Amino acid sequence: MSTDDKMRDDSRTSLELSEMTLQSQDNDIATAAPTREQTDRIRTTEAKSQGRLIRERFFRHKGALAGIALLVLIFLLAFSSIGFAGIPGWWNKDYDVLAARFNEGRPTLTLWPFSLGEHPFGQDVLGRDYFALTMRGIQTSLIIAFIVGLVAMVIGTTVGAVSGYFRGWTEAFLMRITDVVITIPTVVIAAAVAGIVAKHGIIPFAIFLGLVTWTGLARLVRGEFLSLREKEFVESAKSVGASSARIIFRHILPNTVGVIIVSTTLAISGAILLETGLSFLGLGVTAPDTSLGKAINDNRSALTVRPWLFLWPGAFIIGIALAVNFIGDGLRDAFDPKQTRVKQ
């Protein structure tokens with residue numbers, strides 16, 4: 001073989017090796033490159049904002065969604081039927097009007113064929129329309145519960161934030177007050193004072209209940225502040241001269257929103273049951289107004305002969321309490337920092 005032929009063979013061999021190497025690299029790249037489906041999945045699992053993660057986790061909680069639907073349904077039924085604050089509703093009877101008993105006061109509601117009748121929930125012993133009376137009771141109980149939750153949230157958050165951030169004598173003073181309030185059972189405090197406060201209306205009564213139900217939230221917020229005040233971002237804020245108020249409201253408090261919202265939601269549920277119990281004992285809402293607990297108390301003597309007078313208020317008490325608790329469970333799971341993976 002001549003020298004030229006040998007050089008041509010070497011060149012051909014080198015070219016074939018180069019082509020094989022390039023083809024192998026192309027195959028490796030093709031194998032490593034994600035498919036369109038994989039690319040879409042990667043894009044959907046990219047870093048998301050904390051708010052979006054919370055929303056996605058909450059809306060995956062079926063119990064919470066059912067709770068929202070039930071609570072909204074009860075709210076709309078109560079406030080649209082008999083009206084509120086001078087705005088008339090679609091029901092043509094008032095809860096405080098006496099009338100002759102129709103059909104011996106029995107409920108006229110029928111499911112098939114559906115019909116409300118003259119008095120769908122029946123009438124009480126005085127002849128008042130029990131549907132209107134129950135709707136007014138729901139309004140009163142919901143108003144009291146949400147005011148209690150708001151008052152407890154404001155006081156509990158303030159006490160917990162101040163004591164957890166400043167420590168020292170401030171923490172000792174505020175926590176001793178908290179301990180004193182916790183030591184005395186809420187029902188005992190409410191029973192001693194609520195009867196007097198309730199005579200001035202449902203708003204003062206609700207504010208009073210909020211003043212004795214904030215302690216649990218205060219201790220939770222204090223614990224969160226004790227942990228967060230030692231974090232690097234707080235030290236960085238202090239190093240650039242940020243004031244204590246700015247650090248509390250702009251840096252630490254937003255990181256405790258989950259605890260505050262969940263605790264407030266559960267406080268609302270507890271307030272409904274507390275108001276119901278006090279009203280049942282005659283220490284809550286007073287006449288001429290009514291609530292779900294008062295409606296049961298007013299008709300307890302008719303338990304054996306007219307059980308529907310207990311059925312309707314009791315069913316709505318259970319429904320509202322369960323709905324709020326389910327919402328609270330959903331919020332708790334949504335704000336849980338351990339749940340970082342978002343299922344697609």
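**Exercise 1. Decide whether F316 is buried or exposed, and find its aromatic partner.**

Solution. In this predicted model, F316 has 13% relative accessibility and therefore counts as buried, since buried means under 20% relative accessible area, exposed over 50% and partly exposed in between, with a 1.4 Å probe and protein chains only. Rings of Phe, Tyr and Trp (for Trp the six-membered ring) pair if their centres lie within 6.5 Å, and planes under 30 degrees apart count as stacked, over 60 as edge-to-face and the rest as tilted. F121 and F316 form a tilted pair, 6.4 Å centre to centre with 40° between the planes. F121 lies in the loop between strand 2 (114-115) and helix 5 whereas F316 lies in helix 14, so the pair ties together parts that are 195 residues apart in sequence. F121 also counts as buried, because its relative accessibility is 6%. Finally, ring pairs link F121 and F316 with W90, W91, F131 and W312 into a cluster.

The model is predicted, so local features need pLDDT of at least 70 and side-chain atom pairs count only at pLDDT 80 or more, while totals for chains, interfaces and linings use all residues. Residues are numbered from 1 along each chain as its sequence is written, and side-chain values use heavy atoms, with hydrogens and water left out.

**Exercise 2. Classify the aromatic pair formed by F58 and F59.**

Solution. The structure holds 10 aromatic pairs. In the pair of F58 and F59, the centres are 5.5 Å apart and the planes make 80°, an edge-to-face arrangement. F58 counts as buried because its relative accessibility is 10%.

**Exercise 3. Describe the largest nonpolar core and the elements that build it.**

Solution. A nonpolar core is a set of buried Ala, Val, Leu, Ile, Met, Phe, Trp, Tyr and Cys residues joined through side-chain atoms within 4.5 Å. The largest one has 55 residues, and those with the most contacts inside it are M135, I138, I144, F208, L209 and I320. Among the elements that give two or more residues to this core are helix 3 (50-59), helix 4 (62-81), helix 5 (130-166) and helix 14 (308-334), where helices are DSSP runs of H or I with at least four residues and strands are E runs with at least two, numbered from the N terminus. Helix 14 gives the most to this core, with 12 residues. Taking contact to mean heavy atoms within 4.5 Å, I320 touches L71, I74, I138, L142, I272 and L292, residues up to four places away in sequence not being counted. A second, separate core of 13 residues includes Y165, V234, A237 and I248.

**Exercise 4. Check the length of helix 4 and find what covers its buried residues.**

Solution. The expected span of a helix is 1.5 Å times one less than its number of residues. For the 20 residues of helix 4 this should be 28 Å, and the end C-alpha atoms are 28 Å apart, which agrees. Buried in helix 4 are A64, G67, L71, I74, A78, F79 and S81, and their cover includes helix 3, helix 5 and helix 14. Just after helix 4, G83 takes a positive phi of about 80°.

**Exercise 5. Find which elements have the lowest and the highest mean pLDDT.**

Solution. pLDDT is the predictor's confidence in each residue, from 0 to 100. The protein averages 81, and 83% of the residues score at least 70. Over residues 42-47 pLDDT stays under 50, and the model has two contacts beyond four places in sequence for them.
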